[in-house]
Amino acid sequence: MANPVEQFRTMIDGASRIVFFTGAGISTESGIPDFRSPGTGLWNKIKPIEFDDFIASEEHRHEYWSRHFSSKDTTWADAKPNRGHLGIAKLVDEGNSTGVITQNIDNLHQDAGVPDDLVVELHGNRAYAKCLTCGARYELDDLKAQFERDDAVPPCRICGGIIKTATISFGQAMPEEEMQRAQNLTMECDLFVVVGSSLVVYPAAGFPQIAKRMGAELVILNREPTPLDPIADLVLHEEIGPTMGYLLDLN
Ligand code: NAD
């Protein structure tokens, strides 16, 4: 019987429409903490600012932006893709994968070389900001300079709306177009590979179940057990970087 990593390689070789579904765990090797790992997860340290609070008060918006622009937080900007992101990018480049659905907001799949139009960002992207009313895009460096000067991020210069990072906060509606694209990719894949997600956040965690129902094989690569391990065809409780590196000769 082949070992699990060899089984994974065989499943990849036998598939032509692989969809990767990634969570915060794929980026920990790049120095970005995840939310739920015991001890180091971000939620053990700070309480997130809910969307309704952000909208309701200038005080919450101030707290939101000062966290975002704090020196600790901006270290994300220096994060580089690791072997997990590079392995996925390689398979996309070789034509074996139809796309990457990610819960991450760190832009590392694109930095690894996956074309923008093949990355579905369910929770948005923290590398830029948008007006919540008209959708106008703002660059964070400009907003940071204004925040440091005026102690506030200004309203949208086009419509006066509230500007926020282009991420989906707790309590904020999921983006409809991305949800639809993720659903389509999931329904059409022949292999669905979860990489670094605790699979406890819905609706995102519903996608592996849809893939299975539609007849795809399901692989879960995650250090800790997930609630969907029992329905997976292959579960690897391994480190992502070394596993993907070994699998794809990236070491
Ligand atoms: P999560 O924190 O709930 O789960 C991450 C999982 O990855 C954990 O089960 C952990 O055991 C595993 N893991 C961590 N490092 C690993 C490694 N090196 N190898 C193997 N497994 C590893 O994350 P989630 O499922 O993505 O859901 C929570 C939310 O976190 C998402 O909504 C996402 O928006 C947000 N988030 C994103 C980032 C990012 O963009 N990098 C960072 C933190 C949180």
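Into which domains is the protein chain divided? The chain splits into domain 1 (1–32 + 80–123 + 174–251) and domain 2 (35–78 + 126–167). These bounds come from an automatic or database domain assignment. The centres of domain 1 and domain 2, taken over C-alpha atoms, are separated by 28 Å. Domain 1 gives 11 residues to the contact and domain 2 gives 10 residues, where contact means heavy atoms within 4.5 Å.

The model is predicted: local features need pLDDT of at least 70, side-chain atom pairs count only at pLDDT 80 or more, and totals for chains, interfaces and linings use all residues. Residues are numbered from 1 along each chain as its sequence is written, and side-chain values use heavy atoms, with hydrogens and water left out.

Both domains contribute to the second largest pocket. Its lining draws at least three residues from each of domain 1 and domain 2. A pocket is an open set of points on a 1 Å grid over the protein atoms alone, where a 1.4 Å probe fits, with protein on both sides within 12 Å along at least five of seven lines; lining residues have an atom within 4 Å of a point. The second largest pocket holds about 490 Å³ of space, a volume being the space filled by probe spheres set on the points. It is lined by 25 residues, and Gly 124, Tyr 128, Lys 130, Ala 166 and Glu 178 lie nearest its centre. Strands S3 (119–121), S4 (124–131) and S6 (163–167) and helix H8 (176–188) each supply at least two lining residues. Helices (H or I, at least four residues) and strands (E, at least two) are DSSP runs, numbered from the N terminus. S4 gives the largest share, six residues. By class, the lining has 10 nonpolar, seven polar and eight charged residues. Ala, Val, Leu, Ile, Met, Phe, Trp, Tyr, Cys and Pro count as nonpolar, Asp, Glu, Lys and Arg as charged, and the others, Gly among them, as polar.

Helix H1 (residues 4–13) has buried Val 5, Phe 8, Met 11 and Ile 12. Seen down the axis of H1, these residues fall within an arc of 115°, so they line one face of the helix. The arc is that of the directions from the helix axis to the C-beta atoms. On the other side of H1, Thr 10 and Asp 13 are exposed. Buried means under 20% relative accessible area, exposed over 50%, and partly exposed in between (1.4 Å probe, protein chains only). The buried residues of H1 pack against several elements, including strand S1 (18–22), helix H5 (83–93) and helix H10 (240–247).

Pro 225 sits in the loop between S8 and S9. Pro 225 counts as exposed, at 61% relative accessibility.
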